[in-house]
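Open the structure in your viewer and keep the selection panel at hand.

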Amino acid sequence: MKKNGIYEDQVTDETTVVEEAFEGTGDIIETEEFDDTLEEETEESANDYLEVSSENSGGDQDFEDLETPFEGNESGTTENSQTEEGTLEKVSGYDYSVLEEQENEEEDEENLLDAYYAEFGDPTAAMLMRSESGKKMMQEVVIGKDDRKQIKGTTKYPWRAICSLRIKAKDGTNWIGTGFLIGPRTVITAGHVVYMHKHGGWAKSIEVIPGRNGAKKPYGSCKSSHFHSVKGWTKSKKRSHDYGAIILPKNCKYGNKVGYFGYGNYGFFDLLGLKVNLSGYPGDKPAGTQWWHARKIKAVTSRTLVYNIDTAGGQSGSPVWRIKNGKRYAVGIHTNGYSLGNSATRITKPVFKNLKNWKNKYK
Amino acid sequence: MAATIRGRIVDQKSKNPVEEAVITLTITGMTRLVDIAQVTDDTGAFFWNDLTPGKYDILIIAEGYANRKISILLNTNEEQEIFIEL
């Protein structure tokens, strides 16, 4: 639905998750359809439970739930290998053995994760984690160590498909964040990057800088004021709905040059314990430098992923991805730091459909 | 309930504003914080609202200056002003 040519709302899938878009300055309009309620969440949790059946737990998702990546037209500049485990990038100097370590943390990790699940009202996951098999799985994914690595070759894929963001909020404040390309001109990021509730709502503009390396902007930058998110974030400010998209101008199809990530809707058992990558532009490191880290996913709720990958302010919107058959698939969108574990918005079926819609609509 | 920080960063010697300083917050305890960082404007100012009360570490990174970390305690509904010289 369009009004004044500024905002639009549309139903994107059968679960009636409503997305919102912003293409400049204007007033927010109310939508008639918004079913993203707690009741819906409960239904989705139940659906997640169905996904963990033995028939689905061991294999790939349906093909339709995977969107393939593209490595760009820049030849010979792709990271050409991955680790033995197959899901991680191979980053020089990183001690991958830490992913296997059973670290003795002072806090009772199991109880903390119970608290996490309780907070998200995810009874299915909480019940699963209390079972013996669940406890065993959880114990196997307790990790934690700060050993981020700087990515210096940011003109290689996939690093160049990760973008440093300079955000101008509507109230005049300036922020930094991270995003990643999933299409020629679609950049995915956190919802709180494109829509800041206490700083004026929709951002005034965002400068997108793919493959930034300090002061170097190897592909230049593009500004945009065209954003998407979902009502669960913009209206309800639900952490579980914290994701959005920046649509680049038509003359700025970065994705065709630098490539873009694929993404997938993976099931509970595919994700729990999966070794994943996260790379972005943290504010606690020299300005504009990209930093990577990897860990196992230690908890999965119906809409979030939790891990001990180290992050800092500025990394909101970073891709959380796996490698599968040599291709990069995002499984989450990093949003939060938290003492129970940093976390991402999980790419569930509704999120997947919105991402696909935002990608296909703007080519 | 939410608390606010209003800050200004200046050069210690010249007293000129430090523009483009990157501010990151971390909070002690069981509070979730969005992973976004703020950048000072041309007056060296930054403004962060909607914060959960608690003890925060504020890290300031600015080109040409040593990194600086300060801690503050934010109370409920408090608007705290801080002035930092680098």
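Which strand of chain B is joined to E20(A), and how many bridges join them? The partner is strand E3 (residues 33–34) of chain B, joined to E20(A) by two bridges, and the two run antiparallel. Strands (E, at least two residues) and helices (H or I, at least four) are DSSP runs numbered from the N terminus, and two strands pair if DSSP finds at least two bridges between them.

This is a predicted model, in which local features need pLDDT of at least 70, side-chain atom pairs count only at pLDDT 80 or more, and totals for chains, interfaces and linings use all residues. Residues are numbered from 1 along each chain as its sequence is written, while chains are lettered from A and ligands numbered from 1 in the order in which they are written.

Select A:Gly337 next: its bridge partner in E3(B) is B:Leu33.

Now widen the selection to the whole contact (C-beta atoms, placed from the backbone, within 7 Å). Chain A gives 24 residues and chain B gives 21 residues. On the chain A side, strand E7 (174–181), helix H6 (191–194) and strand E20 (327–337) each supply at least two residues.

Move to chain B and select E5, E1 and E8. These three strands form an open sheet in the order E5-E1-E8, with mixed pairing. Strand E5 (45–51) and strand E8 (79–85) are at the edges with a single partner strand each, so one side of each has no neighbour in the sheet.

Finish on strand E1 (residues 3–10) of chain B, which pairs with E8(B) in the parallel sense over seven bridges. Select B:Ile5 there; opposite B:Ile5, in E8(B), is B:Gln80.

How values were computed: Two residues are in contact if their C-beta atoms, placed from the backbone, lie within 7 Å.
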